[in-house]
Amino acid sequence: AIMPTLLSGIANGARQGILFKNGAQLEKIGKVRAIAFDKTGTLTTGQVQVSQVIAASNYTEIEVLKTAAALESSSEHPIAQAIVQAARDLNWVRATEVQAIPGQGVVGTANEQQVIVGNIAFIQKYVNKLPQELLEIAPSWEDEGKTVVWVAQGESHGDEYQVIGIIAIADMIRPEAAGTIARLRKLGIEQIVMITGDNQRTAESVAQAVGIDQVFAELLPEDKLDVIRSLQHKYQTVAMVGDGINDAPALAQASVGIAMGVAGSDVVLETADIVLMADKLEKIAAAMELGRRSHRIIK
Ligand code: ADP
Ligand code: MG
């Protein structure tokens, strides 16, 4: 009796806040041998906050925050929201001609200057020499799992861009993340990896804290998809857990795409095969157990 078994598995899942798109997904998750986790919003809460600001010489921390907020007020990225929130009591004017470059940062015009806000690789496209004192601080923030946002400005069309400061963005690791990873290992999952657009050092700090030993960092959305594909070559049935639009291609490619339901964007919820309603990571292990049980009863 295939149908009643799958139905009861699906109903059982629904009672725990695990929504399966259909019975095939319940069966498939029981066969998963490798799983990839997005970092921001998935292993962490994604409710990011500014934790530190340091200005380069000749600038002030207030100027750094105001300049960054002028650009980030046009971006939807969680980092942008954190910066605008931190600058809420300062007076700044929204930048014009703002362009967001996914996975890198934003550029625009503020105070008659061209301003660049983003990760170090992005900033280095504009600035030749980064201030030594900031280059020394940034890695120490990354080792604490924080993301470093660089802010630079210069004359439009000129080549005299200067870094004015750096901002540390802190996120909180979900309290159940490490326990979930340990439980997945106990279930015999052969490979557990992290895939993220964030930098390598920050990613490794979070991975170490939750017990993941393989990290793929600084990825664009298409790169995330490629990682899933290569895992499928080796392990056939691969699950991916994510929350953001940048995870959608990877979720679609995965044998089982799992979305965080509360944090997830609409695109992600539509793409996913399984939705975790209360963002409870430990439900992934519960879903696998349900899936395995359904095989045993069907056979
Ligand atoms: P994730 O996979 O962690 O969700 P994204 O692909 O959205 O990351 O972004 C990767 C990196 O690009 C971020 O960690 C950040 O350094 C930079 N970045 C992207 N958008 C912005 C922005 N609006 N402001 C500052 N930095 C940004
Ligand atoms: Mg995310």
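A residue is taken to be near a molecule or strand if its C-beta atom, placed from the backbone, lies within 6 Å of that molecule or strand. On this basis, 22 residues surround ligand 1, and the closest are Thr40, His77, Asn119, Gly197 and Asp198. The structure is a predicted model, in which local features need pLDDT of at least 70 and side-chain atom pairs count only at pLDDT 80 or more, whereas totals for chains, interfaces and linings use all residues. Residues are numbered from 1 along each chain as its sequence is written, while chains are lettered from A and ligands numbered from 1 in the order in which they are written.

Ala, Val, Leu, Ile, Met, Phe, Trp, Tyr, Cys and Pro count as nonpolar, Asp, Glu, Lys and Arg as charged, and the others, Gly among them, as polar. By this division the shell holds six nonpolar, 13 polar and three charged residues. Helices (DSSP runs of H or I, at least four residues) and strands (runs of E, at least two) are numbered from the N terminus. At least two shell residues come from each of α3 (39-43), α5 (78-86), β5 (105-110), β6 (113-118) and β7 (147-154). Domain bounds come from an automatic or database domain assignment. Domain 1 (2-45 + 173-298) and domain 2 (49-170) each supply at least three residues of the shell around ligand 1.

The whole protein has 13 helices and 13 strands. The C-alpha atoms fill a box of roughly 75 × 30 × 30 Å along the principal axes. The radius of gyration is taken over C-alpha atoms, and the globule rule is 2.2 Å times the number of residues to the power 0.38. A compact globule of 299 residues would have a radius of gyration near 19 Å, and the 21 Å of the protein agrees with this. Two residues are in contact if their C-beta atoms, placed from the backbone, lie within 7 Å. Of the contacts with a separation of 6 or more, 62% join residues 24 or more positions apart.

The two domains, 2-45 + 173-298 and 49-170, have C-alpha centres that lie 33 Å apart. Eleven residues from domain 1 and eleven residues from domain 2 take part in the contact between them. On the side of domain 1 that touches domain 2, helix α9 (residues 200-210) provides the largest share, five residues. The residues of that side comprise three nonpolar, six polar and two charged.

Burial was assigned from C-beta atoms placed from the backbone: a residue is buried if 20 or more others lie within 10 Å of its own, exposed if 12 or fewer, and partly exposed in between. Of the 299 residues, 46% count as buried. A nonpolar core is a set of buried Ala, Val, Leu, Ile, Met, Phe, Trp, Tyr and Cys residues joined through C-beta atoms within 7 Å. The largest such core has 51 residues, and Ala239, Met240 and Ile258 have the most contacts inside it. Beyond its neighbours within four places in sequence, Ile258 is in contact with Ala239, Met240, Val241, Ala272, Ile274, Leu276 and Ile284. A second, separate core of 36 residues includes Ala82, Trp150, Val163 and Ala168.

Individual residues illustrate these categories. Ile83, in helix α5, counts as buried because 29 other C-beta atoms lie within 10 Å. Residues up to four places away in sequence aside, Ile83 touches Val50, Ala68, Ala69, Glu72 and Ile167. Ile83 and Glu72 are eleven residues apart in sequence, and their C-alpha atoms are 7.1 Å apart in space. Asp223, in helix α10 (residues 221-235), is partly exposed, with 17 other C-beta atoms within 10 Å. Pro102 lies in the loop between β4 (96-101) and β5 and is exposed, with 11 C-beta neighbours inside 10 Å. Pro102 and Gly197 are 95 residues apart along the chain, and their C-alpha atoms are separated by 9.5 Å.

Backbone geometry was also examined. Most residues other than glycine have a negative phi. Asn58, however, has a positive phi near 85° and lies in the loop between β3 (49-55) and α4 (61-72). Glu112, in the loop between β5 and β6, has a positive phi of about 60°. Asn58 is exposed, with 8 other C-beta atoms within 10 Å, and Glu112 is likewise exposed, with 8.
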